Amino acid sequence: MSEHVEIIDRDGVLEIHFARPDKKNALTGAMYRAITAAMADASARADIGAILFAGHGDAFSAGNDLKDFLSGPEGGAAAFEFINALAVFDKPVVAAVQGLAVGVGTTLLFHCDLVYAAPDACFIMPFVNLGLVPEAGSSLLAPATLGHAKAAAMLLLGEPMDAEAADRAGLLTAIVPADILIDHARSKALALTTKPPQALAHTRRLMKGDPAILASRIEQEAVLFRQTLASAEAKEAFTAFFEKRPPVFQRQN
Ligand code: COA
């Protein structure tokens, strides 16, 4: 499906590894499509009890591929499909995060049930810096998880949050030494597969609350995201990134 996504089917857990380490696992349309297809497969199969997200190399994910964004709204379509699938995904989701988790690399974690991170993990949601708005329900889920003031530092200022702070703020289940991170996350995903599936599914749904509220926020964000993606601010931010220079934004009166 995509050479940059590795799927490992093991002991009732479907592992989805972002496998584009030379680009810090930045997610392309093809990668999103492969991930969404793997999730649909996991959802349909009775022998799969949980999924696990992980990244190859030194980063979890640098977020959406900025070249795809530059190619216009179509570049984002597969990302929105992934986000919608994740928001309603009906089995437990575990993540193992090392290094950078940027943009959707962080916002997907708000939808995970168990998040394990290496001490070097660093979470960044730079949407405003890119002339964009938050996605994946993060304008709702980040303040709910972290508190408004911590979420504002990340979403308005674009400030990074390190693993210790993320653990204190409630984004993480635990910080785990890097050399045992993936095995630890695997063992927890495996533990979930041994639980009574009905009770587990009911409990997850109760914990997540009314899905309509989240779906409505994701849609509101998507409308604004598409608008801002076509803005001069976003074009300047993406162009500056690839030209390796600071962006210059024009203030409109
Ligand atoms: N989209 C496309 N390519 C990306 C990328 C992204 N989101 N993030 C990193 N890359 C590419 C870089 O262009 C570079 O490619 P090159 O080797 O061909 O020049 C390669 O991945 C390595 O990245 P680099 O910037 O050299 O690594 P770094 O360690 O100095 O910085 C980041 C890592 C993640 C901090 C930096 O790459 C970055 O800010 N990326 C953009 C993150 C972002 O804004 N994501 C979108 C959120 S909505």
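The expected span of a helix is 1.5 Å times one less than its number of residues, and helices (H or I, at least four residues) and strands (E, at least two) are DSSP runs numbered from the N terminus. By that rule, the 19 residues of helix α10 (residues 211-229) should span 27 Å, and its end C-alpha atoms, 26 Å apart, agree. This is a predicted model, in which local features need pLDDT of at least 70, side-chain atom pairs count only at pLDDT 80 or more, and totals for chains, interfaces and linings use all residues. Residues are numbered from 1 along each chain as its sequence is written, and side-chain values use heavy atoms, with hydrogens and water left out.

**Helix α10**
- Buried residues (under 20% relative accessible area, 1.4 Å probe, protein chains only; exposed is over 50%, partly exposed in between) in α10 include Leu-214, Ile-218 and Phe-225.
- The buried residues of α10 fall within an arc of 135° seen down its axis, so they line one face of the helix; the arc is that of the directions from the helix axis to the C-beta atoms.
- Ile-213 and Gln-227 are exposed on the other side of α10.

**The sheet**
- An open sheet of mixed pairing has 6 strands in the order β1-β2-β3-β4-β6-β9; two strands pair if DSSP finds at least two bridges between them.
- β1 (5-10) and β9 (174-175) stand at the edges, each with a single partner strand, so one side of each lacks a neighbour in the sheet.
- Strands β3 (residues 50-55) and β4 (residues 93-97) pair in the parallel sense over 3 bridges.

**Glu-15**
- Glu-15 lies in strand β2 (residues 13-18) and counts as buried at 1% relative accessibility.
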